[in-house]
Amino acid sequence: MYKKILVVLINLTLLMGCSGTMPNLGVSNSKLTPCPKTPNCVSSQAQDKEHYIEPIKFEGTQQAAHDRLLQIIESEKRTKILTEQESYIRVEFTSALFRFVDDVEFYFPNQKTGETIIHVRSASRVGRSDLGVNRKRIERIRSEFQK
């Protein structure tokens, strides 16, 4: 019995370590924080092919895009909205099995046309590879905008 309890406590300790330390993110000079050199990050403002992903485009106002994005985020499992501002949203996505945390940011620069551009950044807090999870997440969110 004692061995089982010890094994459970060790596993819980290891799993809790998967959340990592919350990074200092946000928008500075109209730019999201750059991706680290590891491949577990995508950003619409990245300059290299490995990390670059297209921004999300929305036909309509910034407010309508903001509201639609919140609907999409709230429909996703294991999400926590940390920051919600007029031009910026920050969300934590947590994986089901190992409780890995990914930090996802959405930035709405001021637009004067009928199309809203949403810059995105999605990155794993720990590890090196994410098996494409961050890229797939942004593409899934993008496809929801097209519905």
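Which residues of α3 are buried? The buried residues of α3 are Asn-134, Arg-137, Ile-138, Ile-141, Arg-142 and Phe-145. They lie on the same side of α3, because they cover an arc of only 135° around the axis. The arc is taken from the directions that run from the helix axis to the C-beta atoms. Buried means under 20% relative accessible area, exposed means over 50%, and partly exposed is in between (1.4 Å probe, protein chains only).

This is a predicted model, in which local features need pLDDT of at least 70 and side-chain atom pairs count only at pLDDT 80 or more, while totals for chains, interfaces and linings use all residues. Residues are numbered from 1 along each chain as its sequence is written, and side-chain values use heavy atoms, with hydrogens and water left out.

**Helix α3**

Helices (H or I, at least four residues) and strands (E, at least two) are DSSP runs, numbered from the N terminus. With 13 residues, α3 reaches 19 Å from its first C-alpha to its last, close to the 18 Å expected at 1.5 Å a residue. The expected span is 1.5 Å times one less than the number of residues. The cover over the buried residues of α3 includes β3 (41-43), β4 (56-59), α2 (62-75), β6 (88-94), β7 (101-107) and β8; contact here means heavy atoms within 4.5 Å. Arg-137 lies over the face of Phe-93, at 4.5 Å from the ring centre. For such a charge, NZ of Lys or CZ of Arg must be within 6 Å of the ring centre and within 35 degrees of the ring normal.

**Aromatic pairs**

Rings of Phe, Tyr and Trp (its six-membered ring) pair if their centres lie within 6.5 Å; planes under 30 degrees apart count as stacked, over 60 as edge-to-face and the rest as tilted. The count comes to two aromatic pairs.

| Pair | Centre to centre | Angle of planes | Type |
|---|---|---|---|
| Phe-58 and Phe-145 | 5.5 Å | 75° | edge-to-face |
| Phe-98 and Phe-100 | 5.8 Å | 50° | tilted |

Phe-58 in strand β4 and Phe-145 in helix α3 are 87 residues apart, and their pair links distant parts of the chain. Both Phe-58 and Phe-145 are buried. Phe-98 is partly exposed at 43% relative accessibility, and Phe-100 is partly exposed at 35%.

**Arg-125**

Arg-125 is in the loop between β8 (115-124) and α3 (133-145). Its relative accessibility is 18%, so Arg-125 counts as buried. The side chain of Arg-125 makes polar contacts with the side chains of Glu-92, at 2.5 Å, and Asp-103, at 2.8 Å. A polar contact is a pair of N or O atoms within 3.5 Å; within protein, one must be able to donate a hydrogen and the other to accept it, and residues adjacent in sequence count only if both atoms are side-chain atoms.
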